[in-house]
Structure formats: structure tokens, C-alpha cells
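Visitor: Please take a close look at a single part of this model and describe it in one connected account.

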Amino acid sequence: MLTNIVDLPKYTKEEEVSFGGWISKKRSSGKIIFLEVRDGTGNIQAVVCQQNVSAEVWQLVQGLTQESSCYIYGKVNPDARAQSGYELTVSNVKLLSLAHEYPIANKEHGIEFLLDHRHLWLRSARQRAILKVRAATIKYIKRYLDDNNFIQVDAPILTPASCEGTTELFHTSYFDDEAFLSQSGQLYMEAAAMALSRVYCFGPTFRHERSKTKRHLIEFWMIEPEMAFVEHAQNLEIQESMLEFVIKEVLAECTAELKLLDRDLTKLNSIKKPFPRITYDEAITILHKKGFTDFTWGEDLGAKEERELAASFTKPLFVTHYPAKIKSFYMQPVKNRPEVVLCADLLAPEGYGEIIGGSERIHDLELLKQRFEEHNLPKETYKWYLELRAYGSVPHSGFGLGLERLVAWICGLSHVREAIPFPRMLNRFYP
Ligand code: 4AD
Ligand code: MG
């Protein structure tokens with residue numbers, strides 16, 4: 001039976017093993033050829049000695065090109081010099097496919113070239129490390145939520161209405177009707193939270209946004225927890241607990257990957273709750289002191305302002321109580337100060353910007369109806385959403401965590417495009 005490279009150390013020196021893999025490097029010295037073989041689970045050096053293999057196999061191995069695929073047979077030997085601690089003494093090689101000249105060589109390539117070859121670039125050590133961190137991040141987010149009474153509820157992708165404003169919608173059709181690709185599953189999670197108390201969805205979301213920044217994707221993945229009976233303060237506590245847990249676990253599981261990415265682990269190790277909290281008003285005071293004297297109350301924080309604010313802290317920073325007019329229609333206003341809302345953006349350190357947006361939701365039917373008037377929203381399309389407030393409405397809160405932004409921060413990437421397998425950006429949706 002075929003094994004995986006990661007499992008090779010389980011075999012003794014006497015046992016014959018076999019596995020499938022790709023040749024990443026080949027080097028020969030006389031009657032010995034050293035093959036570096038990768039199978040996604042690990043790498044191993046396979047040593048082919050002319051005297052140990054048939055003449056056909058020796059000839060085959062001599063002709064192997066980078067990324068050629070084969071089945072390899074042999075015995076595992078402990079070898080202190082090898083990175084994995086083991087090497088393979090090869091007895092046979094069966095070729096599956098001889099690779100054409102591989103376009104991604106061991107030299108510098110421009111980013112557009114690499115993105116054009118994303119389907120092949122994924123095989124590089126760096127991209128594989130990022131994919132593993134991404135998978136671990138998803139696993140531990142789900143683990144945290146699953147272990148804390150949350151139930152996963154999937155939200156639809158084809159939707160009849162917007163959640164985060166109409167300017168950023170992808171239009172499509174639904175037979176004879178107009179439909180949109182989901183910007184957020186939140187509104188559906190609010191319905192589900194009234195059935196199950198604590199729920200979350202995790203899926204792709206779409207923003208028709210002409211932003212070409214290091215933090216914007218057109219299609220990205222979002223985790224959206226929604227909690228009945230949870231108010232603003234507790235919403236923030238849940239977010240910081242979840243992030244502390246996720247970072248601790250990902251760090252433990254992906255130490256090797258993060259080291260390969262040259263990530264400074266001490267910075268991530270210090271991410272412990274509680275995270276600092278400042279209000280939007282306090283943020284403005286800080287910005288004014290830092291020389292952003294033109295910034296006036298009511299403006300939204302841009303990437304520059306967020307970076308400046310976060311730079312004063314080593315942990316993620318909650319900025320709360322934004323002006324209602326720059327936030328979404330569903331946010332609960334502050335008592336006695338209705339011009340601001342009970343919301344928080346969580347800004348990651350090291351310039352990564354907003355990774356979470358969340359809020360307490362309006363649960364009063366009359367107030368929500370009033371917001372629909374003010375925002376000119378069609379009451380018919382959102383009839384079901386308003387009805388949630390008619391049948392046992394309760395205070396509730398939730399948040400949306402952008403997976404790629406979190407992964408970019410954990411990995412220390414300069415751009416979110418590497419944090420998703422096949423990025424969709426303003427100027428690209430190939431491959
Ligand atoms: O702040 P946003 O737009 O919030 C919502 O969609 C809420 N309905 C979420 C909720 O409360 N359930 O998006 C939430 C997060 C952002 O903080 C950011 O991390 C990520 O989603 N995000 C993006 N990530 C990559 N590219 C984009 N264009 C993004 N837009 C938002
Ligand atoms: Mg936001």
C-alpha cells in the first residue's frame with residue numbers, strides 16, 4: 001500500500017515502502033542521484049545508487065525533470081544530515097508523468113507572472129505553508145465556536161437584498177428576477193440565532209468594490225457568529241477570546257510553516273486578552289495628536305488612520321462607538337446619544353487594519369422600521385427580517401471576521417492575495 005512522506009519515519013529500515021510524489025530537485029554525483037521528493041505531506045531526499053536499481057530505472061531517473069511525478073519504492077534510513085531526519089534508499093521508480101520545462105524556476109519572478117501561474121505557484125514551499133496556516137486557522141475558529149455552544153448554519157449565496165449597502169453588490173439573475181451574490185450572511189444568522197441562540201456561518205462573500213489595496217479581495221471568506229442575548233460588551237469579549245485561542249493553537253500547530261514564512265513569533269505570542277478598547281471619539285483625539293489635524297468627526301477611518309491608531313498598541317485594538325451615519329442600518333444606537341452606535345472594528349497590529357467588524361443589532365421593531373425609511377430600503381424585500389422583531393425579539397450581537405485578513409496577519413504577508421488559493425481582485429480573476 002502507498003504511504004505518505006510524513007508517515008515514512010514509522011517504518012523500520014527493513015521494510016519496503018512506496019509513495020507517490022513530485023520531483024522538486026535533482027542532483028547527481030557519479031553513480032548516485034539525489035532526488036528531492038515532495039508529496040504535500042512532506043519532503044524527503046531519495047537516494048538512487050546505480051548499483052541498487054535496474055539499468056532502465058537508472059536511465060529513467062537520469063531523465064527526470066522538475067515536477068515529474070512518480071511512484072518511488074525503497075527503504076527508510078535515519079539520516080541526521082537530512083532536514084526530515086530521514087532519507088530513502090531507492091530500489092525502484094515508476095514514472096507517472098514526465099513534466100515539461102517548469103515555468104517557475106528557482107529565481108525571482110514578478111508578482112503578475114506568479115499570479116498568472118497561481119495553479120503552479122501553489123506548489124512552492126511558501127504557498128504550501130500559507131495554505132496550511134489558512135486551513136489551521138479555519139479549523140481552530142470552528143473548534144472555538146463549536147466548543148462554545150455555537151451551531152454552524154449555512155447562509156445562502158444568492159440573495160434578493162443587500163446587507164452592507166447597495167453600491168458594492170454583484171448583480172446576477174434568478175430566472176426572471178434580479179438577485180445578488182451575498183455580501184454577508186449576517187441577516188440570515190440573525191434569524192438563525194432566534195432559533196439556536198448562538199450560530200455562525202462560514203462562506204464566501206462578494207464585494208463589487210473598485211478597491212485595489214493590499215487588504216481588499218472581491219471574493220473573500222467570512223466567519224460570522226451571531227448571538228442572542230449578547231450585548232455590545234460581551235460581543236467584544238467573545239471576539240478576543242476566540243482570537244486568543246485561534247492564534248495560540250495555530251502557532252502551536254504551524255510553528256514550522258510560520259518559521260518558513262519568517263514570521264516573528266514573539267509578536268503573535270503576546271496576543272493575549274484583554275485587547276485595548278477606545279471609542280471613535282478617543283481615536284480622533286489620538287489622530288489629532290499624531291498630526292491628522294484635518295480629520296473631522298463623522299469621517300470614516302481609512303487605512304492610513306487605522307494604521308496610525310494600531311501603531312500605538314502591540315495587541316489588536318477595538319475601536320467602538322462610530323457615528324451611525326458611516327455604519328450599517330442595523331446597528332443599535334447608544335442610549336442618550338443616538339448619533340453613535342454600539343459597534344466595534346477590531347484593528348490588527350503591524351498595519352494589518354480591520355480584521356473584524358461587529359455590532360449589537362437593533363432589536364426594536366419601530367426603530368428598525370424608522371431606519372428602513374431613513375436608508376430608503378425596500379420593506380417588502382426585508383419583510384422577513386423585520387418580522388424577526390415581531391416574534392420574541394431579544395438583544396443580540398454578532399461580528400464578521402475576514403479570514404484572509406486574519407491569515408495575512410498571522411503569516412505576516414504583505415498582501416491578502418497570497419492568503420486565498422485563487423484570489424479574485426479588481427484586475428484579476430484568472431486562473
Ligand atoms: O465590516 P464588514 O463589511 O462587516 C460585515 O459584513 C458584517 N455584516 C459582519 C457581521 O457583523 N456579521 O466585513 C467584516 C470583515 C472585515 O472586518 C474584514 O476583515 C473582512 O470582513 N472584509 C474583507 N476582506 C477582504 N476583502 C474585502 N473586500 C473585505 N471586506 C470586508
Ligand atoms: Mg467593516
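**Strand 17 and its surroundings**

Guide: Gly358, in strand 17, is the bridge partner of Ala344. The model is predicted, so local features need pLDDT of at least 70 and side-chain atom pairs 80 or more, while totals for chains, interfaces and linings use all residues. Residues are numbered from 1 along each chain as its sequence is written, chains are lettered from A and ligands numbered from 1 in the order written, and side-chain values use heavy atoms, without hydrogens or water.

Strand 16 (residues 343–348) pairs with strand 17 in the antiparallel sense over 6 bridges; pairing requires at least two DSSP bridges, and strands are DSSP runs (E, at least two residues; helices H or I, at least four) numbered from the N terminus. Helix 10 (residues 303–310) packs on the sheet and touches strands 12, 13, 16 and 17, its direction making about 75° with that of strand 16. Contact here means heavy atoms within 4.5 Å, and the angle, on a 0 to 180 degrees scale, is between N-to-C directions of axes fitted to C-alpha atoms, for the helix over the stretch in contact.

The open sheet comprises 8 strands in the order 6-10-11-18-17-16-13-12, with mixed pairing. Its edges are strand 6 (151–152) and strand 12 (277–279), each pairing on one side only.

Strand 17 also contributes 4 residues, the largest share, to the shell around ligand 1. That shell has 22 residues, Glu354 and Ile355 being among the closest, with a heavy atom within 4 Å as the criterion. A side-chain N or O atom of Glu354 lies 2.6 Å from an oxygen atom of ligand 1, a polar contact being an N or O pair within 3.5 Å.

Conventions
Polar contact = N/O pair within 3.5 Å; in protein donor to acceptor, adjacent residues only side chain to side chain.
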